[in-house]
Amino acid sequence: MITDNIMVAFEHFHYMKKKKRNGGKGYLALKLDMSKAYDRVEWLFLEQMLLSLGFHRNWVRLVMSCVSSISYSILVNVQPTNVITPSRGLRQGDPLSPYLFLICTEGLAALINDAVSKNEIHGVKVSRAAPMVTHLFFADYSLMFTRANLQETQKVLNILNTYEAASGQVVNVDKSEVSYSRNVSENMPNMLQQRFGFKAVETHDPYLGLPTYIGRSKKAVFHNVRDRVWKKLKGWKEKLLSRAGKEVLIKAVIQAIPMYAMQCFEIPLPYVRIWRGCVRISGGGKRVTSERWR
């Protein structure tokens, strides 16, 4: 489930933030952004990954026929141009594409696991009995954890370069981020920055739509939940929606925004009242218009 990734990531970022400044080994976390992730998938790499994972050749042939039987034609002045036949990439919106992309990321996971088995890189353990986590993948959202030293960071770079050369993926350096635990020495981040080239941050941007770290002020962290609710409400066209239509939209869309966050975190009370207002809509036979929300 998507909430599993969110909670595991949150616990590990919280652990890194709470480490003592002068104790233990330092860690770093990489939030990778793949440039045009779906469009760059090499078909040959996808086919070899399917075969290496044990799928039957006839089934692989059918899947590759679905992937490669695509062509485009661009309209120029209402006239279609010549047919363009691509040689790589997965179609956005195709129900099969997310699953095929996950199979491609299995190649990166295999490289990481191989390095872990050889003790070349080490992940983060939030406690002695907890498992060591080196990576978290969900579709094209990628997180990596390793120790903050020159040897392991160089190995991570070698793994990423190998994966890029084989799969066609390219890490977007401008949008990728790196953060460090509190006990990393002052000079080490500067040395590692020269190798990675990623933007160093104190707290990463939301992962899968939810925060990676919560400080003392929960209101500031979950302020975007309220903003997203108000943005949806203000976007309604009152003249085109009946009162019943607005009620359906509230139940189907507006409730899903806070409920997604509530699956993992305890929302501050002022924002809970907003969600409870959505629930009360169906009670007492009353209809609610957007004026009530304002």
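How many disulfides does the structure hold?

## Cysteines

The count comes to 0 disulfides in this predicted model. For background, a disulfide covalently joins the sulfur atoms of two cysteines.

Cysteine 104 is buried, because its relative accessibility is 2% and the cut-off for buried is under 20%. Cysteine 66, with a relative accessible area of 41%, is partly exposed.

## Around valine 184

Next stop is valine 184, which sits in the loop between strand 6 (177–180) and helix 6 (187–196). Is valine 184 buried or exposed? Its relative accessibility is 15%, so valine 184 counts as buried.

What does valine 184 touch, leaving aside residues up to four places away in sequence? The partners are Gly26, Tyr27, Ala148 and Pro189.

On confidence, the protein chain averages a pLDDT of 80, and 85% of the residues score at least 70. Among the chain's elements, helix 2 (residues 43–52) has the highest mean pLDDT, at 93, while helix 12 (residues 290–293) has the lowest, at 39.

Residues 278–294 are the stretch to handle with care: pLDDT stays under 50 there. The model does give this stretch 32 contacts beyond four places in sequence.

Notes:
Residues numbered from 1 in each chain as written. Predicted model: local features only at pLDDT ≥ 70, side-chain atom pairs only at ≥ 80, totals over all residues. Heavy atoms only, no water. Disulfide = S-S within 2.5 Å. Buried < 20%, exposed > 50% of the residue type's maximum accessible area, 1.4 Å probe, protein only. Helix = DSSP H or I, 4+ residues; strand = E, 2+ residues; numbered from the N terminus. Contact = heavy atoms within 4.5 Å. pLDDT = per-residue confidence, 0-100.
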